Each structure stands twice: as structure tokens, then as C-alpha cells.
Amino acid sequence: TLCFYVLYLYFPFDSVLFHPIVYLGRKLLLLYRVNRNVTGMNPISWEEFFSSNLAPKDLDCKKKSIELFCKKFSSSKTNVVLVTSGGTTVPLEHNTVRFVDNFSAGTRGSASAEYFLKAGYAVIFMHRHKSLEPFTRHFTGDEILDCLLIAEKDTIEVASMKVPKLLPVLKERREALDSGRLLMVPFTHLTEYLWLLRVSSEAMGALGSRAMLYLAAAVSDFYIPTDQMPEHKMQSSGSPPAISLHLVPKILRPLVAEWVPNAFVVSFKLETDPNLLVKKSQEALKNYKHKLVIANELHSRKSKVILVTSENHREIVMTKEELDAGLEIEHHIISELLSLHSLFISSN
Ligand code: PAZ
């Protein structure tokens with residue numbers, strides 16, 4: 001930066017030498033950044049990430065609704081939970097045609113949000129746009145249309161055999177909406193997710209220990225910095241593209257230490273090697289100093305999780321009978337969290 005500044009003093013904007021110098025400077029900076037990330041030793045800081053990846057255009061509007069929502073519950077006894085859900089995309093072009101995505105459907109987040117609502121919590125549901133949502137998740141594809149029948153005089157009726165499934169869902173949804181305890185906040189790409197996570201956490205600060213963060217979204221660990229993304233769709237006519245992914249800074253660190261230090265923070269750890277689950281979760285607790293990691297393995301995530309705290313770890317395993325009866329593991333997870341959170345609140 002200093003070299004740049006000194007050069008600029010000698011060759012101001014209108015100088016013909018200025019443009020080649022800027023070009024060279026950019027290339028050097030790029031080389032430096034690539035090298036930093038290739039070695040994997042030194043990802044950029046979270047501050048650098050936010051200053052080089054500008055906030056999405058609608059952030060202010062979403063921020064205001066999140067702040068209003070938190071304010072509404074700050075003087076009541078209602079606990080507030082931020083549930084993050086679904087996967088983030090990582091665009092490969094500014095005018096995005098292609099992006100990197102992941103497997104997450106939002107099952108964990110949307111089911112958990114329902115159980116939190118049932119327990120009386122107010123829920124900020126920060127979810128990947130078009131992933132599963134509380135209540136509607138029970139009806140996929142044409143199912144909701146199958147509940148409806150064309151009756152006399154072009155009116156519509158609900159098929160009586162569908163009522164037992166539809167009615168309890170409708171009742172719970174109505175209760176949540178009428179009490180104003182559900183705020184839906186959609187995101188799509190990684191940068192949008194991280195900005196929203198930051199503003200939501202900061203807004204929840206006012207709730208103290210009554211705030212819980214339940215970070216179930218599958219967030220990309222890699223991204224392409226904006227200055228290295230092509231403007232337009234990558235062309236297949238030239239040589240195959242070389243895509244260099246960079247490490248995303250660990251956002252849990254500022255979240256716990258600075259943005260919402262008094263909240264009950266729960267993160268998730270997904271692995272495909274079950275032997276790594278507990279070790280990596282303990283490392284995360286040590287590094288970020290939050291309260292709980294819920295560890296799960298990709299293929300068994302609907303039937304088994306491990307709750308890892310700094311003191312111990314224990315499994316929740318669904319029995320075959322429970323699974324056959326349609327019971328969901330999130331029911332058990334949330335009931336555990338309710339006890340842990342209430343202990344946390346009373347000890348604060
Ligand atoms: O969304 P889903 O129900 O298909 O999957 C849930 C999950 C595996 C993404 C979640 O439980 C989780 O582990 N989230 C954190 C992933 C991570 O390690 O970043």
C-alpha cells in the first residue's frame with residue numbers, strides 16, 4: 001500500500017504511467033492474496049472480508065425488520081432464537097450463471113424452527129431462499145393441491161381425508177403468525193448470509209442471555225473474492241477455467257466475542273468421517289468459546305447427533321420405533337436445548 005501511495009505521488013491520475021502502474025499493482029496484490037490462501041496459513045480477517053464484500057442492496061431493509069422484531073421481545077419474557085437453515089451459494093461470476101452450492105435442504109432448520117415456536121420462542125428464521133420452511137415443509141410437490149377438491153359452483157373444498165394432516169399444521173402456523181413470533185429472512189449467497197448473520201447477531205445483543213443462536217445452515221468455507229470473479233459468464237471456447245477458491249474467515253469468532261457476547265450460541269459440525277466429529281467439535285468450542293456444538297455425520301444426520309459441550313458429550317439416537325412413527329430428531333434436540341438455555345439464563 002505504501003509503495004502504491006509513493007508511486008501515486010510521482011505519477012498522479014492524469015499521468016499516462018498511472019494506468020500501467022495500477023494494473024501492475026493489482027496483479028501483485030492478486031498474486032499475494034492467492035499465495036496467502038494457497039498456503040492456507042492466513043485467510044483474510046473478518047474485517048477485511050466485510051470491507052471487500054459489500055453489503056447486499058436490501059440489507060438495510062432486512063436489518064430494520066430484524067431490529068424491530070428483537071425490540072418487540074426485548075421487554076417481554078419471550079426468548080428469541082435465530083435459526084439459520086439451508087446452504088449458501090458461492091457465485092463464480094458477477095453476472096451469476098454458475099455457482100458452487102451444497103446438499104443442505106433446510107430440513108434441520110425448518111423442523112427446529114417449528115419446535116422452537118411450539119415451545120413459545122420467537123424465531124428469526126434465516127433461510128436459504130426456496131429451501132424448506134416451517135409448516136409448508138410438510139407438503140412437498142403437488143401435495144397441497146391434492147388436499148383440495150373442486151366442489152359445486154366452482155368452489156373449493158378440503159378433501160376430508162387430508163384434514164388430519166392439514167389441520168394441526170394450520171393451527172400451529174396461525175398461532176405463530178398471530179402472535180408475531182416468526183420472522184422469515186431469506187438469503188442466497190454466502191456474502192448475503194454473512195452480512196445477515198452479523199446484523200442479526202448485533203440486533204440480538206439487546207436480549208442478553210434470552211437470545212439463542214442455532215446455526216444449522218451449511219455455510220461454504222470457500223469463496224471467490226469479488227476482484228477475482230469475471231464480470232460475465234465464463235466462456236467454454238477458450239482454455240478450461242482455473243478456479244481458485246479462498247478460505248472464508250471463521251465468523252464464529254467475532255460473533256461470540258463481539259457481536260452477541262451474552263447469547264447462548266449453538267453451532268453445528270458436519271463431517272463425513274464419524275471419527276472426526278467429537279474432536280473437531282471440541283476444537284471449535286475451544287477456539288470460539290461458545291456453549292454447544294451439535295455434531296452430525298452426513299448420512300446419519302436424521303437419526304443421530306452428538307451434543308458436545310466443553311465438559312462432556314452425549315449422543316441422541318432415534319430408535320427404529322420413533323423413526324417408524326414419524327418422530328423427528330429435532331424434537332429431542334430442541335427439548336435438550338430448552339433445558340440448557342433455561343439453565344444458562346438463570347445462571348446469568
Ligand atoms: O439442511 P439439512 O437438514 O439437509 O442438513 C442439516 C445440516 C447437516 C446442514 C446441519 O445439521 C449441519 O450440520 N449444519 C452445519 C454444517 C457445517 O458443518 O457447516
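The model is predicted, so local features need pLDDT of at least 70 and side-chain atom pairs count only at pLDDT 80 or more, whereas totals for chains, interfaces and linings use all residues. Residues are numbered from 1 along each chain as its sequence is written.

Eight strands form an open sheet with mixed pairing, in the order β7-β4-β1-β8-β11-β12-β13-β14; strands are DSSP runs of E with at least two residues, and helices are runs of H or I with at least four, numbered from the N terminus. Two strands pair if DSSP finds at least two bridges between them, and the edge strands, β7 (182–187) and β14 (313–317), each pair on one side only.

Helix α5 (residues 107–118) packs against helix α12 (residues 329–347) at an angle of about 55°, with the axes 9 Å apart; axes are lines fitted to C-alpha atoms, for helices over the stretch in contact, and angles run from 0 to 180 degrees between N-to-C directions. The two helices, α5 and α12, are therefore oblique to each other, a class that holds whatever is not under 35 degrees (roughly parallel), over 145 (roughly antiparallel) or 65 to 115 (roughly perpendicular).

Around the ligand there are 13 residues, of which Ser-104, Thr-107, Arg-108, Phe-268 and Leu-270 come nearest; a residue is near a molecule if its C-beta atom, placed from the backbone, lies within 6 Å of it. The elements that give two or more residues to this shell are α5 and β11 (264–271), and β11 gives the most, with three residues.
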